[in-house]
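Please look through the model shown here before reading on. The notes after it are grouped by topic.

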Amino acid sequence: MVDKNRIYALTTRYIYQLSHDRWHLADMFYWPFFDLTAMGYMATWVSRDAGSSWLSSIIGCMVLWQLVVQTNFVVSKNALLELISANVLNLFTTPIQIREWLTACFILSAIAGCTVLLFCSLIAKALFGYNLLSLGWLLVPVVINLYLSGIALGTFVTALLFYYGIRAQTATYILGWIFGLIGGSYYPADVLPLPFWLIARSIPLSYAFDVVRYHHLGTTFIWHNLLAAAILNTLYLLLATSLVRRLFSRTLRYGLARLTY
Amino acid sequence: MNPLKVTNLTKTFPAQRTFWGTVKNPPFTAVDNVSFEVQEGEILGLLGPNGAGKTTTIQMLLSTLKPTSGEIAYFGKNFFTNRSEILTQIGFASAYVGLPKRLTVRENLEVYGRLYGLNREQRNTRIKKYLEEFGVDHLANRETGALSAGETTRVMLAKAFLSYPKIVLLDEPTAALDPDIAQDIRQFILDRREKDGVSFLFTSHNMGEVTEVCDRVLVLQHGKIIADDTPEALAAKVSMAHLELLVNDLEKATTRISKRGLPYKVHGHLLEIEVNEHAIAQILQELTHAGITYTQISIRKPQLEDYFVMIAKQAK
């Protein structure tokens, strides 16, 4: 059983952190703004002769990609924060369990993801005239799928951090961008060479972003893409959470103290 | 029901291998078949040279390290099957772990208070009480990263007592403190024992502190318990005392002492002789007969520190 008070305690711990650390706010606003603006203007230029539906499909994916980046980053960054401050030992001498810690991170991810999504949709509307709500009811399953992808990826990085310690901190920053390259956010998976296409097709992100493109470009095949994304997301999230538990348990064979050096 | 009972606790760290599978470090037994109990209201010291297994033992007692075998029971309940429930009743502070640096002292204690299931009123009351008790109430709104080592230690101690624990594990709690503050902390520990019946497991490298605070001391060496007794009884196992003399003829005195094969040190005009307590009178008599006079004399009886030095030498 998870304890909601402990989950709330951990949630407040990271909210306190954010309120004191304005540089972390840059992660939430500066990078999404930079990414969206640069890609948005490039898309405006490239799709000048192709029509507004192409621009919408690119901007729509860019806005939603920020949700994945943010939700992934919030989960993995929280694990990294505990390691860097050497608080991980203190934390796990209290009654908390790893699943409560993960739940708190997922809640924070949802809050941060929604904030960034709102921010980016406002930027997209102001700079490119793109309305995220033009996705209609599809927005709900797409957002849920992308949120699940983000937290699954963040959970996977957390598993590495809880096993390899601070040494694995690079994974916190780079894994998300690797998925940006092969996840179908910037361009459809179809343009990738066969080996990368195969990898992309095993990643739920590529199906979710295809849904956005299909909607804006007026093509079909939406339902099975959503279904594929949902199935893969569920599978990967289960695998990632089980990996965290497994690697955390393995770490306990050597002691949590070793994670902080 | 004893607050803590440890039975045949063993920790063997698995072999560490390189990426290619070759053995980098062979398996290593840090704690070897250790059994002990902590009684209600008892302050038990855990002593031993570096690498003796103290920290490994404490980590296992906090569930941050998995034992290879053995049992740990708090209040008669198995620790591994009742972890969350038991940890609400255990306090922990160490000079070697940190708190989130960007959070203020109060925020950190708020978070830990919530983790221990305290309601708002309990948190407010206890945070105020312990910050005052440890003399850091004026730092409540300061970021923890801006505190000195001693101030951080006191905040950690406040954290350790927030949940009104029945047993507290303290890993060198006074390591970074000024002597006067360390004395206050020791008094606080003794008060908690007297007033609330709190039990303590206590490690320290300050032998005077261990002697002052602990009812009983477990001595670990190479992962095994080699002694389990009161600090005074352990000190009594060392028969060598230190005799300090200010002598008129240092050269003659050292020659005489050397002939007897006794270890000695010279500090200026002061001669320090390591000698069996029972032989002190005889030594003084011999020196007098040899025409050596002394104008100052002091005898330091064996202390826990001497015992510690003795076993540390044995360990090497």
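Predicted model: local features only at pLDDT ≥ 70, side-chain atom pairs only at ≥ 80, totals over all residues.

Residues are numbered from 1 along each chain as its sequence is written, while chains are lettered from A and ligands numbered from 1 in the order in which they are written. Helices (H or I, at least four residues) and strands (E, at least two) are DSSP runs, numbered from the N terminus.

**Contact between the chains**

- Chain A brings 27 residues into contact with 26 residues of chain B; two residues are in contact if their C-beta atoms, placed from the backbone, lie within 7 Å.
- On the side of chain A that touches chain B, at least two residues each come from α1 (4-20), α4 (88-91) and α10 (223-254) of chain A.
- α1(A) gives the largest share of that side, 9 residues.
- The side of chain A that touches chain B has 12 nonpolar, 11 polar and 4 charged residues. Here Ala, Val, Leu, Ile, Met, Phe, Trp, Tyr, Cys and Pro count as nonpolar, Asp, Glu, Lys and Arg as charged, and the others, Gly among them, as polar.

**Helices α3 and α5 of chain A**

- Helix α3 (residues 52-84) of chain A packs against helix α5 (residues 98-128) of chain A at an angle of about 155°, and their axes are 8 Å apart. Axes are lines fitted to C-alpha atoms, for helices over the stretch in contact, and angles run from 0 to 180 degrees between N-to-C directions.
- α3(A) and α5(A) are therefore roughly antiparallel to each other; angles under 35 degrees count as roughly parallel, over 145 as roughly antiparallel, 65 to 115 as roughly perpendicular and the rest as oblique.
- Residues making the contact include Leu55(A), Ile59(A) and Val63(A) of α3(A), and Cys105(A), Leu108(A) and Phe128(A) of α5(A).
- The residues of this contact divide into 14 nonpolar, 7 polar and no charged.

**Phe73 of chain A**

- Phe73(A) lies in helix α3 of chain A.
- Phe73(A) is buried, because 27 other C-beta atoms lie within 10 Å. A residue is buried if 20 or more other C-beta atoms lie within 10 Å of its own, exposed if 12 or fewer, and partly exposed in between, with C-beta atoms placed from the backbone.
- Apart from its neighbours within four places in sequence, Phe73(A) is in contact with Asp27(A), Gly154(A) and Gly176(A).
- Between Phe73(A) and Tyr14(A) there are 59 residues in sequence and 13 Å in space, C-alpha to C-alpha.

**Chain B overall**

- Chain B has 11 helices and 16 strands.
- Of its 316 residues, 42% count as buried.
- The C-alpha atoms of chain B fill a box of roughly 75 × 55 × 45 Å, taken along the principal axes.

**Strands and a helix of chain B**

- Strand β1 (residues 4-13) and strand β6 (residues 69-74) of chain B run antiparallel and are joined by 5 bridges; two strands pair if DSSP finds at least two bridges between them.
- Val6(B) stands opposite Ile72(B) in β6(B).
- β6(B) is also joined by 2 bridges to strand β7 (residues 77-78) of chain B, and these two run antiparallel.
- Tyr74(B) stands opposite Lys77(B) in β7(B).
- The hairpin of β6(B) and β7(B) has 2 residues between the strands, and Phe75(B) takes a positive phi near 55° there.
- Helix α10 (residues 280-289) of chain B is hardly covered, with 1 buried residue among its 10.
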